[in-house]
Amino acid sequence: NFPGGGNIIESGGLISTTGLLTTSSYSGTTLNGANSIGSLTANNGTAGIFSLINTAPVSGLIVNSISNPGGGGISLTNTGGISIVGSIAAGIGAVSLIETSGAITETGLGLISTTGLLTTSSVTGASLTGANTVTSFTAYNSTSGSIALTNTAAPLNTTGISSYGGNVTVSNTGLINVNGIVYSPTGLVSLTGSGVTVASAMIID
């Protein structure tokens, strides 16, 4: 637990625990060392980014919550799978979730909230079916598994979705604007909203 009124920065260091890492900062947290943590709860106050690079020690990284309402954004890069069981809230900031070996999943009360861009990159699927509220979405999945997003936004802008191992399913309460290519060479594409607007030649399946 690192409470504080400033920022938290790793410089040549690392954090290792199979248990819970809790961080609290005011102007940013940057943990980009060779970290190995099992679960995460993080809060940042008014400015700066929250950034973590991690290799999960057991059966994936459990994200209990990440809050960064000041607009600095949230960046999470992990190896071993990401399980979101609580809220990832970024205000107007972007959210980037990069999983280098497994899947990204939401379970229970897991959700992502941002009026900015949500970017995901996964290897064996991204299942984001909680009560998400994101304004823009881009996603990439490289091998097996599908990409799924359940969302509430008016509208939701998709800026590029590629799933090389499964389907693409986007369900939005509100209009969906397809502003980038949706590509699913071996699966199906399903876009469901109050309406769907598609730029020319933007869906390839």
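Modeller: Two strands pair if DSSP finds at least two bridges between them, and strands themselves are DSSP runs (E, at least two residues), numbered from the N terminus. This is a predicted model, in which local features need pLDDT of at least 70 and side-chain atom pairs count only at pLDDT 80 or more, while totals for chains, interfaces and linings use all residues. Residues are numbered from 1 along each chain as its sequence is written, and side-chain values use heavy atoms, with hydrogens and water left out.

Biologist: How do you know that β16 and strand β19 pair?

Modeller: β16 and β19 (residues 195-198) share four bridges in the parallel sense, and the definition asks for at least two, so they pair. Within β19, T197 is the bridge partner of N177.

Biologist: Why is T138 called buried?

Modeller: T138 has a relative accessible area of 18%, and buried means under 20% (exposed is over 50%, partly exposed in between, with a 1.4 Å probe and protein chains only), so T138 is buried. T138 lies in strand β12, which covers residues 126-141.

Biologist: Which residues is T138 in contact with, leaving aside its neighbours within four places in sequence?

Modeller: Contact means heavy atoms within 4.5 Å, and on that basis T138 is in contact with L117, L118, T119, T120, T159 and G160.
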